[in-house]
Amino acid sequence: MSYIIPSEFATKMVDAGESKIFMSTRDTLIRAFMAGAILALAAVFAVTITVQTGSPLIGAMLFPVGFVMLYLMGFDLLTGVFMLTPLALLDRRPGVTVGGVLRNWGWVFLGNFGGALTVAFMMAFVFTMGFSTEPGPIG
């Protein structure tokens, strides 16, 4: 396992924030949409496990699997860009503006919301058999 000193870690965080600000709108939306969808699927997974086992602790222990997947796939949640993008602004990186940070926040919010809403609709459809029956305990 590699080790980096804290100053190098801080520089990498600022670099990540800068790269997110300059990422294209299309890529930002795709990464944010997928993050929202995966996190919503993780919530459905946790609720399903909780209902089927009767143990909320097991569902709570399995929910972070969604965060692990997000991290490994490199997708963007709004909470992450809230932290990383202002670092590039505070470091006075060339071309980084308040407008760029707010633009990134807006697109990531819309992508996360759209992904989560899509999964919510799909799960409502699945749990109600095409909206023809009442949802079960999981729904």
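The legends below describe close-up views of a predicted model. Local features need pLDDT of at least 70 and side-chain atom pairs pLDDT 80 or more, while totals for chains, interfaces and linings use all residues. Residues are numbered from 1 along each chain as its sequence is written, and side-chain values use heavy atoms, without hydrogens or water.

**View 1. The largest pocket and its lining.** The volume is about 500 Å³, taken as the space filled by probe spheres set on grid points joined across faces, edges and corners. A pocket is an open set of points on a 1 Å grid over the protein atoms alone, where a 1.4 Å probe fits, with protein on both sides within 12 Å along at least five of seven lines; lining residues have an atom within 4 Å of a point. Of the 18 lining residues, K20, Y71, F75, D76 and L84 lie nearest the centre. Helices (DSSP runs of H or I, at least four residues, numbered from the N terminus) α1 (6-21), α4 (64-73) and α5 (78-90) each supply at least two lining residues.

**View 2. Salt bridges of D76 with K20 and R31.** A salt bridge places a side-chain nitrogen of Lys or Arg within 4 Å of a carboxyl oxygen of Asp or Glu. The K20 to D76 distance is 2.6 Å, N to O. K20 in helix α1 and D76 in the loop between α4 and α5 are 56 residues apart. For D76 and R31, the closest N and O atoms are 3.3 Å apart.

**View 3. A salt-bridge network of D15, E18, D91 and R93.**
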